[in-house]
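This briefing concerns domain assignment and charged side-chain contacts. Please consult the sequence and the structure shown here while reading.

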Amino acid sequence: MAPPAQAHRSPSPSQPSGKGEVSDLKSQLRQLAGSRAPGIDDSKRELFKKVISYMTIGIDVSAVFGEMVMCSATSDIVLKKMCYLYVGNYAKVNPDLALLTINFLQRDCKDEDPMIRGLALRSLCSLRVANLVEYLVGPLGLGLKDNNSYVRTVAVIGVLKLYHISAPTCIDADFPPTLKHLMLNDPDPQVVANCLSALQEIWSLEASTSEEASREREALISKPVIYYLLNRIKEFSEWAQCLVLELVAKYVPLDSNEIFDIMNLLEDRLQHANGAVVLSTIKVFLHLTLSMTDVHQQVYERIKAPLLTLVSSGSPEQSYAVLSHLHILVMRAPFIFASDYKHFYCQYNEPSYVKKLKLEMLTAVANESNTYEIVTELCEYAANVDIPIARESIRAVGKIALQQYDVNAIVDRLLQFLEMEKDYVTAEALVLVKDLLRKYPQWSHDCIAVVGSISSQNVQEPKAKAALIWMLGEYSQDMQDAPYILESLTENWEEEPSAEVRLHLLTAVMKCFFKRPPETQKVLGAALAAGLADFHQDVHDRALFYHRLLQYNVSVAERVVNPPKQAVSVFADTQSSEIKDRIFDEFNSLSVVYQKVTTMSKIGFHH
């Protein structure tokens, strides 16, 4: 391909600087047009390449249109392809040349060589000139009846192109019934697949205005059509198999015998080398057995091995797509995958997006029997050079602890994290220790002993600082230096950029005041004064609330700020179960990869 034209360049032999070069090309093409000399096609190829390269860089070479058409009176496929590219480009923008192009292509549609017939028909349907659609109907009708399967394959997609240019012309020419007949009778599997794809698109678009089209669309999901396609599925290409399987997933069998028939027919598709075919088959199995709990669970057991095999083969991107689907199954039935937890261990050379997904799955499959091994593995990642993954692994340890598995050992591990003296590790561990203490207050003595040794000056991340301040307020009676640490933090109030930290500091000072009044009275006054002068509305309002509460009644203030607390039993899940179910319904689509249902993705896209 020639490079784009640049300004202020001297003319070169390969780039015309004016009309002279185009005239030279025209005369050279004319000389070659009538010649029968040996090797003439090679000469034509060189000239055609020149014409195409000029056209590509925006130079008008429409003047050689007639000569290009004359020179393409040959059986050379390469010349034909270049000529079709050229004529198609100018026919779209030049109405005078469009009719000449159609005549030329119609003639080639009757060529003896099926490859040329197919290429000409494809080019003819790609012109998309709305006022000349009637010229497409004849060649398409002949193409659909052609003896060669390649021509029929092109003709079927040509019908779909015609529908998009002029739907009434396509419907009036009775092309959809012809496609249906071909789909159910053609010996070539690619023709059948193209017919199915075209009919699905045409009838889906027509269904809103035509009852007949709506009935025909429903008929595609009828037992005879589904069984016919399933019995031929091994003949189809991978793309076509996915198309058929997507259709089968919408089919509602009459009874359990039909379900087992379909699953037996598709059993070997689970061993297919192509991940898309395997995922499409899994979707069929899952949807067919949704109402059969025992069989549905057996399906999980059956699809586990193919999915785990797919994850370990192929590129990281492919692994991630498969892992996303595996992730949704693990979240729905973690106990089935509990024994396979080692498959979710992270490899050192995996991209971080794959590791992150695996960490979520390790957290989900943790149970009494495998927690020790999983947590040991996760602790290894905490020292990882990949800091985001180290953070995620510490969070994963905390999530497993909150699931009540082996809490004793996990608390010890988290306290070890606090002693690692890495800022990000300390930050993540502090947040988790705070959550653990909210659920397991009985561990406060062990945790506070370690937390008390951490200098607040070494903790900079807002969430971690807020967690440390929460513990200073909540357990100030057990932490000897709590009032003095809070006092130093209050003195640096104006240097604290995070409103979240300032809010926690206000509340912690109030809590500390009710537990150790003499030591905290002075700092409480300073904190309330700083809060009232704060520019952040929430901080100002909370300081005002505390000030008025203390003025009203100190014992009421204590009941409000420092009531007896119950342990938190369940932490809120970030994604509702309804959304998870809807994502599951859209299995084998991008919804699973993005973890968003289609409607949410559309909203996000428009915004």
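Is Asp 268 buried, exposed or partly exposed? Asp 268 is partly exposed, at a relative accessible area of 29%, where buried means under 20% relative accessible area, exposed over 50% and partly exposed in between, with a 1.4 Å probe and protein chains only. The model is predicted: local features need pLDDT of at least 70, side-chain atom pairs count only at pLDDT 80 or more, and totals for chains, interfaces and linings use all residues. Residues are numbered from 1 along each chain as its sequence is written, and side-chain values use heavy atoms, with hydrogens and water left out.

**Domains**
- The protein chain is assigned domain 1 (461-552) and domain 2 (576-601), with bounds taken from an automatic or database domain assignment.
- A distance of 43 Å separates the C-alpha centres of domain 1 and domain 2.

**Salt bridges around Asp 268**
- Asp 268 forms a salt bridge with Lys 234 (3.3 Å, N to O); the term denotes a side-chain nitrogen of Lys or Arg within 4 Å of a carboxyl oxygen of Asp or Glu.
- This pair links distant parts of the chain, 34 residues apart: Asp 268 lies in the loop between α15 (256-266) and α16 (275-288), and Lys 234 in the loop between α13 (223-231) and α14 (238-248). Helices here are DSSP runs (H or I, at least four residues), numbered from the N terminus.
- Lys 234 is exposed, with a relative accessible area of 59%.
- Asp 268 also forms a salt bridge with Arg 269, their closest N and O atoms being 3.2 Å apart; Arg 269 is buried, at 9% relative accessibility.

**Other salt bridges**
- The whole structure contains 30 salt bridges.
- Lys 434 and Asp 435 form one, with 3.9 Å between the closest N and O atoms, and both residues are buried.
- A network of salt bridges links Arg 391, Glu 392, Arg 395, Glu 428 and Glu 461.

Key
Helices (H or I, at least four residues) and strands (E, at least two) are DSSP runs, numbered from the N terminus.
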